[in-house]
Amino acid sequence: MFVTWILIRYYKTTKSKRKQQKDNIESSAGYHSFSHPISIKIHGPHLLICKHPHFLLFHSLSSFPSPITFIEMEWVSGIIFILLTLGLICAWKLLNWLWLRPRKLEKLLREQGLHGNSYRILVGDVKDLFKMEKEAKSKPMNLYDDIIPRVSPYIQQSVKIHGKNSFIWFGTKPRVTLTEPEQIKDVLNKISEFPKTNYKIFKLLASGLASHEGEKWSKHRRLINPAFHLEKLKIMTPSFFTSCNDMISEWKKMLSSDGSCEIDIWPSLQNLASDAISRTAFGSSYEEGKRIFQLQRELAELLIKVVTKSVIPSWMFLPAIVHRKMNEIDRDIKSSLKDIINKREKALKTGESTENDLLSILLESNHKEIEENANNKNVGMTLEDVVEECKLFYFAGQETTSVLLVWTMILLSRYPNWQQRAREEVLQIFGNKKPDFDGLNNLKIVTMILYEVLRLYPPVVGLSRNIEKDVKLGNLILPAGVEVFLPILLLHHDCELWGDDAKIFNPERFSGGISKATNGRVSFFPFGWGPRICIGQNFSLLEAKMAIAMILQYFSFELSPTYAHAPSPVVTLQPQYGAQIIIRKVET
Ligand code: HEM
């Protein structure tokens with residue numbers, strides 16, 4: 001402020017000096033009387049223009065102090081003043097962002113008994129965090145060791161050193177780790193007080209429902225909900241069957257003469273999940289949908305490559321060539337999706353479309369909303385909105401379900417007694433027949449197994465939320481500008497919440513359902529919790545049950561000696577070196 005005051009003083013002084021100088025020149029110029037100078041105001045400084053027609057002809061700028069000199073001087077000082085002020089504002093903002101605000105937030109958090117490292121300018125803990133994660137990922141781990149030191153080493157260390165409610169520095173922002181189920185429940189229930197942290201860099205991959213807030217979010221959630229109702233999922237079950245059947249047929253072809261073979265099931269399961277979401281989302285446009293989804297995978301790979309290499313993952317710091325490539329792919333995805341949507345819209349209007357895929361249900365729900373509101377188009381979703389939701393279906397549906405399936409196969413390979421129990425149940429319900437919706441819903445052992453896999457290997461290892469206004473959370477007052485982090489993986493493995501066998505695969509704990517296993521606490525939330533809970537959880541569980549049931553019908557499986565255990569958090573929790581499994585044809 002002081003410097004700005006000095007600048008204003010300087011400006012005023014130079015202005016009055018110049019006025020004096022100008023008056024002197026005017027009086028000494030004699031016959032060039034500026035009897036009627038016209039003063040034109042152009043954004044601040046005044047221009048003096050002589051009305052005498054010969055003035056500019058007879059007096060060059062260099063030979064005589066002309067009014068042009070004043071014009072220039074006024075302009076230059078004005079511009080300098082503006083630039084300096086802008087520079088000062090920027091410098092102030094930078095100083096505030098880099099140092100003053102983080103320090104203030106640190107003080108506020110420490111006053112409430114929260115602990116963490118002292119703030120380090122710009123990078124905070126990110127450099128150490130990246131280094132630690134890189135080191136953890138550098139080699140596979142022992143099959144029976146705890147996975148947390150490999151998957152979330154920094155958070156684990158922070159909680160160990162600073163206590164359960166501690167904070168780490170995510171760049172210039174402190175991120176408070178919350179580990180009490182009551183606090184987690186509050187955060188996930190109060191969606192307006194704890195909005196999502198949306199990083200622009202990830203919006204390119206998936207925005208839509210998952211990143212909207214307020215009115216827009218509730219409108220989209222209401223419009224998309226019907227697509228995931230159970231009766232709609234029932235209609236989608238044959239699509240799941242077709243996708244699974246294609247994969248099983250591929251595996252059958254690979255069997256050697258003794259009825260066994262070794263395969264890396266990870267790419268197969270990724271392909272299965274992508275195939276299933278293409279069929280269920282786009283129905284007859286499935287081939288085009290698959291091409292779009294391949295493009296999205298390309299985009300994700302590019303992004304992940306860059307993000308995992310940079311200390312500050314930001315859109316701004318992406319190399320220009322990556323920017324260009326990503327924008328190119330994004331344009332291609334959007335225009336292809338628009339084509340599919342426009343065709344489907346036309347078919348809906350002419351009554352030709354009777355498809356029951358996610359896209360049709362979404363468009364129907366949108367039309368109904370517009371009709372019910374007197375054809376007010378502002379009520380429903382725009383074409384761009386629908387495009388974003390389709391992109392999200394793929395990203396959310398493919399990444400997560402394939403991960404659930406791969407860890408289920410790995411754990412059932414390690415625990416053959418559970419594999420046998422699950423197979424017995426499947427054969428008892430379906431025999432060798434095609435699994436159907438009702439039968440899949442009656443699979444109790446398989447459901448317990450899937451829950452236990454989601455507990456030990458949650459596809460999403462943590463959630464974060466932004467604090468935009470000071471907010472009370474139990475005894476804490478969280479100041480605006482911090483983030484909170486809900487470490488799903490840590491809670492799922494916590495011995496205080498799950499007992500001494502917390503790290504052991506024991507699906508039996510879910511025999512009485514989720515609320516009995518958790519004693520009603522929010523200690524198991526692989527799909528999130530509260531109003532923003534995963535909209536696709538039933539979709540995903542149904543698909544996973546279909547896949548596991550069919551695999552169990554046809555094959556028994558075990559881990560190959562070449563398998564290297566390496567759970568790695570790349571957006572979702574993936575097997576870093578794949579999942580080499582030996583499958584054998586089941587004799588029934
Ligand atoms: C094993 C499978 C899945 C897991 C573990 C999973 C996990 C999650 C989690 C943890 C959230 C909450 C994120 C947050 O609160 O910040 C979420 C939200 C969401 N999921 Fe899933 N998901 C799965 C499958 C799916 C599928 C198959 C779809 C769609 C086809 C889907 C679509 C969504 C959407 C749209 C949201 C945002 C909901 C909202 O904000 O209202 N998910 N998911």
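Tutor: Start with one cut-off: a residue counts as buried if 20 or more other C-beta atoms lie within 10 Å of its own, as exposed if 12 or fewer do, and as partly exposed in between. Keep in mind that this is a predicted model.

Our spot is Glu543, which sits in helix α22. Is Glu543 buried or exposed? Glu543 has 29 other C-beta atoms within 10 Å, so it is buried. Now look at its partners. Leaving out residues up to four places away in sequence, Glu543 touches Phe240, Ala276 and Thr401. In sequence, 300 residues separate Ser243 from Glu543, but C-alpha to C-alpha they are 9.6 Å apart in space.

Of the contacts in the chain with a separation of 6 or more, 72% link residues 24 or more positions apart. The chain has 588 residues, and 34% of them are buried. It holds 22 helices and 13 strands.

The ligand is surrounded by 23 residues. Which residues are closest to the ligand? They are Gly397, Thr400, Gly528, Cys534 and Gly536. Two helices, α15 (383–414) and α22 (537–554), each supply at least two residues of the shell. Helix α15 gives the most, with seven. By class, the shell holds 14 nonpolar, six polar and three charged residues.

An unreviewed UniProt entry lists Cys534 under "binding site". Cys534 lies in the loop between α21 (514–518) and α22. Its C-beta count is 18 within 10 Å, so Cys534 is partly exposed. Cys534 touches Phe527 and Gly528, again leaving out residues up to four places away in sequence. Gly528 is also among the residues closest to the ligand.

Next, the strands. Take the sheet that contains β10 (555–559). This open sheet has three strands in the order β5-β13-β10, paired antiparallel. Its edge strands are β5 (260–264) and β10, each pairing on one side only. From one strand to the next, the twist averages 30°. Helix α11 (residues 265–282) packs on this sheet and touches β5 and β13. The direction of α11 makes about 70° with that of β5. Five bridges link β5 and β13 (residues 580–585) in the antiparallel sense.

Strands β11 (residues 567–570) and β12 (residues 572–575) run antiparallel and are joined by four bridges. Pro569 stands opposite Leu573 in β12. One residue separates the two strands: Val571, in the turn, has a positive phi of about 65°.

Now a second open sheet. Its four strands run in the order β3-β4-β9-β6, with mixed pairing. The edges are β3 (166–170) and β6 (463–466), and each pairs on one side only. Direction ignored, neighbouring strands of this sheet are turned by 30° against each other on average. Helix α6 (residues 153–162) packs on this sheet, touching β3 and β4. Its direction makes about 140° with that of β3.

Why call the pairing mixed? Strands of a sheet pair through backbone hydrogen bonds, either parallel or antiparallel. Both senses are present here. Strands β4 (residues 173–177) and β9 (residues 483–486) run parallel, joined by three bridges. Arg175 faces Glu483 in β9 as its opposite residue. By contrast, β6 and β9 pair in the antiparallel sense over four bridges. In that pairing, Ser464 has Phe485 of β9 as its bridge partner.

Finish on β6. In a regular strand the side chains alternate between the two faces of the sheet. Strand β6 has Leu463 and Arg465 on a covered face. Ser464 and Asn466 are on the uncovered face of β6.

One last stretch comes from the record. In an unreviewed entry, UniProt annotates residues 75–100 as "transmembrane region". In the model, that span is 100% helix and 0% strand. Its end C-alpha atoms lie 35 Å apart.

Notes:
Residues are numbered from 1 along each chain as its sequence is written. This is a predicted model: local features need pLDDT of at least 70, side-chain atom pairs count only at pLDDT 80 or more; totals for chains, interfaces and linings use all residues. A residue is near a molecule or strand if its C-beta atom, placed from the backbone, lies within 6 Å of it. Ala, Val, Leu, Ile, Met, Phe, Trp, Tyr, Cys and Pro count as nonpolar, Asp, Glu, Lys and Arg as charged, and the others, Gly among them, as polar. UniProt positions are given in the numbering used here, feature names are shortened, and annotations may be inferred rather than shown by experiment. Two residues are in contact if their C-beta atoms, placed from the backbone, lie within 7 Å. Two strands pair if DSSP finds at least two bridges between them. Axes are lines fitted to C-alpha atoms, for helices over the stretch in contact, and angles run from 0 to 180 degrees between N-to-C directions.
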